[in-house]
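I opened my notebook for a friendly look at how this chain folds. Here is what I looked up, entry by entry.

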Amino acid sequence: MQIWVDADACPKVIKEILFRAAERRQIQLTLVANKLLYSPPSKYIRAMQVLAKCA
C-alpha cells in the first residue's frame, strides 16, 4: 500500500497526521507539490517536486 498526497492543497495539520500514520504503519507516503516541501527524515516519507510545462 502507498499513500500519494497532493501536498499543495493539503493543510499542514493533515500532513502531520499522515507523517505519524506512515511511520506507525510503515506505509510509503509520497507528497507531490509544485514547490519544495518539508518532509521529516524517514525511510517511509518522501517529497516530490513536479514542474508544470507551459506550452
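I count two strands as paired if DSSP finds at least two bridges between them. Helices (H or I, at least four residues) and strands (E, at least two) are DSSP runs, numbered from the N terminus. This is a predicted model, where local features need pLDDT of at least 70, side-chain atom pairs count only at pLDDT 80 or more, and totals for chains, interfaces and linings use all residues. Residues are numbered from 1 along each chain as its sequence is written, and side-chain values use heavy atoms, leaving out hydrogens and water.

**Sheet.** I looked up the strands and found an open sheet of 3 in the order S1-S2-S3, with parallel pairing. Strand S1 (2-6) and strand S3 (45-49) are the edges, each pairing on one side only. S1 and S2 pair over 5 bridges in the parallel sense, and isoleucine 3 stands opposite leucine 29 in S2.

**Helix.** Which residues of H1 are buried? I found Lys15, Leu18, Phe19 and Ala22; buried means under 20% relative accessible area, exposed over 50%, partly exposed in between (1.4 Å probe, protein chains only). Seen down the axis of H1, they fall within an arc of 105° (taken from the directions from the helix axis to the C-beta atoms), so they line one face of the helix. On the other side of H1, I noted Arg24 and Arg25 as exposed.

**Packing.** The buried residues of H1 pack against S1, S2 and S3, with contact meaning heavy atoms within 4.5 Å. I also checked leucine 29: beyond four places away in sequence, its contacts include Val5, Phe19 and Ile45.
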